Amino acid sequence: MTQLTDLDIDAMEIAINRFVAQLPKGGVAVFYYAGHGVQVKGENYLVPIDAELKEERQVKRQTISLSETIGRMEDSESS
């Protein structure tokens, strides 16, 4: 188990990359995020501590897409 807190966008991307790389094939994985999130046009995003979201167009550049993260987990062939 890995527990990380108060990450900026770069640290979040590194942590997710490491998490996905360590997923066992055929195993079970749980991704739990207890931070802030936003939804834009039906898409959910994880918000890092350094995000400064003043306009909707900033969301894709300053956050992490939840569906992309889940897709990467699925591609790893873990359950």
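Modeller: A cut-off to start with: a residue is buried under 20% relative accessible area, exposed over 50%, and partly exposed in between. Please keep in mind that this is a predicted model.

Biologist: Thanks! With that in hand, is Glu55 buried, exposed or partly exposed?

Modeller: The relative accessible area of Glu55 is 42%. Buried would need under 20% and exposed over 50%. The value lies in between, so Glu55 is partly exposed.

Biologist: Which side chain does Glu55 meet in a salt bridge?

Modeller: The N to O distance in this salt bridge is 2.7 Å, and the cut-off is 4 Å.

Biologist: How many salt bridges does the count come to?

Modeller: Lys41 is exposed at 78% relative accessible area, while Glu56 is partly exposed at 48%. The count of salt bridges comes to two.

Biologist: Let's move to the fold. In what order do the elements of the protein run from the N terminus on?

Modeller: The protein has three helices and three strands. Read from the N terminus on, the elements run α-β-β-α-β-α.

Biologist: Which residue in S3 is the bridge partner of Tyr45?

Modeller: S2 covers residues 43-46 and pairs with S3 in the antiparallel sense. In S3, the bridge partner of Tyr45 is Ser65.

Biologist: Now the surface. Which residues make the nonpolar surface patch of about 420 Å²?

Modeller: One of them is Tyr32, which sits in the loop between helix H1 (9-21) and strand S1 (37-40). Tyr32 counts as exposed because its relative accessibility is 70%, and the cut-off for exposed is over 50%. The residues that make the patch are Val28, Val30 and Tyr32.

Biologist: How much of the accessible surface of the protein belongs to carbon and sulfur atoms?

Modeller: The accessible surface of the protein comes to about 5,900 Å². The share that belongs to carbon and sulfur atoms is 49%.

Biologist: Last topic: is Ser76 buried or exposed?

Modeller: Ser76 lies in the segment after helix H3 (66-75). Leaving aside residues up to four places away in sequence, Ser76 touches Val20, Leu23 and Lys25. Its relative accessibility is 14%, and the cut-off is under 20%, so Ser76 counts as buried.

Biologist: Which residue has the backbone oxygen that the side chain of Ser76 reaches?

Modeller: The side chain of Ser76 reaches this backbone oxygen at 2.6 Å, and the cut-off for a polar contact is 3.5 Å. The backbone oxygen belongs to Met73.

Definitions and conventions:
Residues numbered from 1 in each chain as written. Predicted model: local features only at pLDDT ≥ 70, side-chain atom pairs only at ≥ 80, totals over all residues. Heavy atoms only, no water. Patch = residues over 30% accessible without salt bridge, like charges linked within 9 Å, V, L, I, M, F, W, Y side chains within 5 Å. Areas by Shrake-Rupley, 256 points an atom, 1.4 Å probe, with all protein chains shown as cover. Helix = DSSP H or I, 4+ residues; strand = E, 2+ residues; numbered from the N terminus. Buried < 20%, exposed > 50% of the residue type's maximum accessible area, 1.4 Å probe, protein only. Pairing = 2+ DSSP bridges. Polar contact = N/O pair within 3.5 Å; in protein donor to acceptor, adjacent residues only side chain to side chain. Contact = heavy atoms within 4.5 Å.
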